[in-house]
Protein chains: 2
Amino acid sequence: MNSGCTLWFTGLSGSGKSTLSQLVATRLRALGARVEVLDGDITRTLLCQGLGFSRQDREENIRRIGFVCELLSRNGVIAIAAAISPYRASRDELRKRIPNFIEIHMNCPVEVLIKRDVKGLYKKALAGEIKQFTGISDPYESPAAPELTIDSSKESIESSVARILHSLEKLQIISSAIADLPASPATAKSVTTFS
Amino acid sequence: MNSGCTLWFTGLSGSGKSTLSQLVATRLRALGARVEVLDGDITRTLLCQGLGFSRQDREENIRRIGFVCELLSRNGVIAIAAAISPYRASRDELRKRIPNFIEIHMNCPVEVLIKRDVKGLYKKALAGEIKQFTGISDPYESPAAPELTIDSSKESIESSVARILHSLEKLQIISSAIADLPASPATAKSVTTFS
C-alpha cells in the first residue's frame, strides 16, 4: 500500500484547482493508489453547511477539510483538497499537523482569470453582485514556500500533472517507475487544456 | 490490509460508548488494524463547532461524522464512532451509504444511568439545569435492528469486546484467529468495569 499524504491545492477561483485535482486523482487511481478528493462541492454540503465567507468561517471551513485530510493521510490515503483557502495561517496550521503535506499554489494572474471567467463569477464580483470574492473584494495570501507553484496560464496540464507526480515520487509516496508512466490515451485526451 | 467498516456506537450518555469504543480500538490496533475513533470530544471541536441540540443540529452532527466514517471505511480503515445519535432516520441514512455499517446499541436502562451518573449530568438534567438532555428531556429512538445490543449493566466489558470482535470476524473484517486472541494483560487489566 502507498503511504498517505495530502495534496493541498490553493488559489483563486478558476485557477485550475478542481480540474487538476480530478486529473491527478484519476492518474493515481489508475496506478492503484487509494485517493479521495475533497472538493468544495462535496465539502460545502457534507462538512461545511452554514459557513459563510467571513475570515472566521473560511478558517473553520479549512480546519474541517484539513481534519479529514489528516485522518485519511495517516491511514495511507492520498487526500486531495481543492479549496481557495485564502489565509496563510490556516494552511500553515495544517502543514504542522499533517504528515507529507504538499501545498500546490495555483498562481494564475487575476487578469487572466477575469478574462477567462468560465463561470461568470468575476464579472459579477467586479460588478459588486457577489460580495467577499477572493482576489477581487476579499484577500488572498500567497504561500511563502509552497512545494509547487503552477501557473495555468503558462504551463500545460500534462506538465503540471507530471510535476505533481514527481513530487509524490520524491516523498516516496509513489515509486519513480510509476510516476514516469505515460498517461493513458483516454487521460491524455482529456488533459489538453485547463477549464 | 484489513477491509474497512464503521462501528457505530449509539446510546444515552453514560451507557459506555466511549469506554467501549476506546477499548475495541486498542484491541484492534494491537492486532495491526488501521483504526480511527471519532469521539464526541474530537468531533465537537474539529467538525461540529457551533452546532447545538436541536433535531436539525443533531442530524447535521451525525451527517458529518458519518461522512468521515464513510471516507475512512471505503479506504480500509475501521472507523469507530461514539455518538448519542438519538434519531433512527439519521443512523439509517448512514447505513445506506456506508459499506459494512455495524450499529451497536448501548442499551443500558436509564434508571441505572441516573444512579451511576459518573459525570453528574443526569442530576443536572433532572433538575432542569441542562436542557434537551437525551433520555430525560429529549428523545432517543432505539435502533429497530442493530447488529449488536449491549447492556452495560448486565454484560461485562470483556464479553462486549469479544462479541464486537466476533461481529467483525463474521464480516471478514478481521480473521477468526485474530478475534479469538486473548486480550493482552495490559488491556485485560483496564477492561474490568464500565465507566
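In this predicted model, chain B meets chain A through 15 residues on each side: 15 of chain B are in contact with 15 of chain A. On the chain B side, helix 3 (residues 55-73) gives the largest share, seven residues. Sorted by class, the side of chain B that touches chain A holds eight nonpolar residues, along with two polar and five charged ones.

How the two chains are related comes next. Chain B can be laid on chain A by a rotation of 180 degrees with 0.0 Å of shift along the axis, and the RMSD is then 0.0 Å. That is how a two-fold axis relates its copies. Of the interface residues of chain B, 100% are also interface residues in chain A, so the copies meet through the same surface.

Now for the sheet. Chain B has an open sheet of five strands, paired in parallel and ordered 2-3-1-4-5. Strand 2 (35-39) and strand 5 (148-150) of chain B sit at the edges; each has a single partner strand, so one side of each has no neighbour in the sheet. Going from one strand to the next, the twist averages 20 degrees. Strand 1 (residues 5-11) and strand 3 (residues 78-82) of chain B run parallel and are joined by five bridges. Here B:L7 stands opposite B:I80, a residue of strand 3 of chain B.

Helices of chain B cover parts of this sheet. Helix 4 (residues 88-97) of chain B lies across strand 1 and strand 4 (101-106) of chain B, and its run is at about 155 degrees to strand 4.

Over in chain A, one helix pair is worth a look. Two packed helices are described by the angle between their axes and the distance between the axes. For helix 1 (residues 17-30) and helix 7 (residues 157-170) of chain A, the angle is about 60 degrees and the axes are 10 Å apart. The two helices of chain A are therefore oblique to each other, and helix 1 passes helix 7 in a right-handed crossing. From helix 1 of chain A come A:L20, A:L23, A:V24 and A:R27, which meet A:I157, A:S160, A:V161, A:I164 and A:L165 of helix 7 of chain A. The residues of this contact divide into seven nonpolar, one polar and one charged.

Technical notes. Residues numbered from 1 in each chain as written. Chains lettered and ligands numbered in written order. Predicted model: local features only at pLDDT ≥ 70, side-chain atom pairs only at ≥ 80, totals over all residues. Contact = placed C-beta atoms within 7 Å. Helix = DSSP H or I, 4+ residues; strand = E, 2+ residues; numbered from the N terminus. Nonpolar A, V, L, I, M, F, W, Y, C, P; charged D, E, K, R; others polar. Axes fitted to C-alpha atoms, helices over the stretch in contact; angles between N-to-C directions. Parallel < 35°, antiparallel > 145°, perpendicular 65-115°, else oblique. Left-handed = near helix turned anticlockwise from the far one by under 90°. Least-squares fit on C-alpha atoms with pLDDT ≥ 70 in both. Pairing = 2+ DSSP bridges.
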